[in-house]
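Please keep the sequence and the structure in view while reading.

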Amino acid sequence: MMTKKFSKQHSSGRGHRELAVKVKTARGRKISSTRWLQRQLNDPYVKRAKAEGYRGRAAYKILEIDDKFKLFWPGAQVVDLGCAPGGWSQVAITRVNALGQILNQPSGRIIGIDCQNMEKLEGIEFLKLDFRESHAVEAIRSSVDRLVDAVISDMAPAATGHKKTDHLRILDLCELAGMFAFEVLKPNGSFVAKVLAGGAEGNLQRLLKQKFRTVANFKPAASRSDSSEKYVVATGFRG
């Protein structure tokens, strides 16, 4: 059950009232699920994504990353790991001109990989694969007709609730994505992957610094403030 309450906010010196959605715990629903639903319903990025036609709030994370680090341009070829439901790919499709909508500019290409089904999205070549399986990398490589300009990954394993375990599991995915990127990136290419807490650490951080000219751990404004989520952004692949 959902109810609405008024919360007063101020903008440009003038107060206004905004409806906030409060969700009551229903029979059979966990308190944590109720909190998640309430947060979703009141999240400004969720509302903005719906209004602007993005498949999720994550689109604003890659928008901000690209604005800062310049990953995409018309004609670029991108591999999107963990692409479902498609928010990151939507941004990449537009910015690499995958649909040829920017006149007199080359058309790029987006190859998306996920172990889940994804609703069809024009401009992406979707492969349903579990990236962790041994045959997946070869399947992706066979779909890439040349070295790519960027490998982006928003992959994350299902949370266990144990912070140390979740951290290690997401770092493992980041390392797998990084090793794949080393194989398919062209010189000066870029790599982005989700990490947690302090960002890429230890051997991974050292390896990325060897392979790329610049490496940064970045938290987009669209990442929730109470989340430990960050992204490692590596640019200038040495080849």
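## A buried lysine and its partner

Lys 61 has a relative accessible area of 8% and is therefore buried. The model in which this residue is seen is a predicted one, and in it the side chain of Lys 61 meets that of Glu 229 in a salt bridge, with 3.0 Å from N to O. Lys 61 belongs to helix α3, which covers residues 59–69, while Glu 229 belongs to strand β9, which covers residues 229–237, so this pair ties together parts that lie 168 residues apart in sequence. Glu 229 also counts as buried, at 8% relative accessibility.

## A network of charges

Glu 229 has a salt bridge with Lys 194 as well, the closest N and O atoms being 3.2 Å apart. Because Glu 229 lies in strand β9 and Lys 194 in strand β7 (residues 185–196), this pair ties together parts that are 35 residues apart in sequence. Lys 194 counts as buried, with a relative accessibility of 12%. Through salt bridges that share partners, Lys 61, Asp 154, Lys 194 and Glu 229 are joined into one network.

The count of salt bridges comes to eleven, and one of them is formed by Asp 149 and Arg 146, whose closest N and O atoms are 3.8 Å apart. In this pair Asp 149 is buried, at 5% relative accessibility, whereas Arg 146 is partly exposed, at 36%.

## Aromatic pairs

The aromatic pairs number seven. Among them is the edge-to-face pair of Tyr 54 and Tyr 60, with 5.4 Å from centre to centre and 80° between the planes. Tyr 54 is partly exposed, with a relative accessible area of 24%, whereas Tyr 60 counts as buried, at 5% relative accessibility.

Phe 69 and Phe 218 also form an edge-to-face pair, their centres being 5.5 Å apart and their planes at 80°. This pair links distant parts of the chain, since Phe 69 is in helix α3 and Phe 218 is in strand β8 (residues 212–218), 149 residues apart. Both partners are buried, Phe 69 with a relative accessible area of 19% and Phe 218 with one of 13%. Elsewhere, ring pairs link Phe 182, Phe 212 and Phe 237 into a cluster.

## Charges over rings

Two of the phenylalanines named above also have a lysine over the ring. The charged end of Lys 68 sits over the ring of Phe 69, 5.7 Å from its centre, and that of Lys 211 sits over the ring of Phe 182, 5.3 Å from its centre.

Note on methods:
Residues numbered from 1 in each chain as written. Predicted model: local features only at pLDDT ≥ 70, side-chain atom pairs only at ≥ 80, totals over all residues. Heavy atoms only, no water. Salt bridge = Lys/Arg side-chain N within 4 Å of Asp/Glu carboxyl O. Helix = DSSP H or I, 4+ residues; strand = E, 2+ residues; numbered from the N terminus. Buried < 20%, exposed > 50% of the residue type's maximum accessible area, 1.4 Å probe, protein only. Phe/Tyr/Trp six-rings, centres within 6.5 Å; stacked < 30°, edge-to-face > 60°. Lys NZ or Arg CZ within 6 Å of the ring centre and 35° of its normal.
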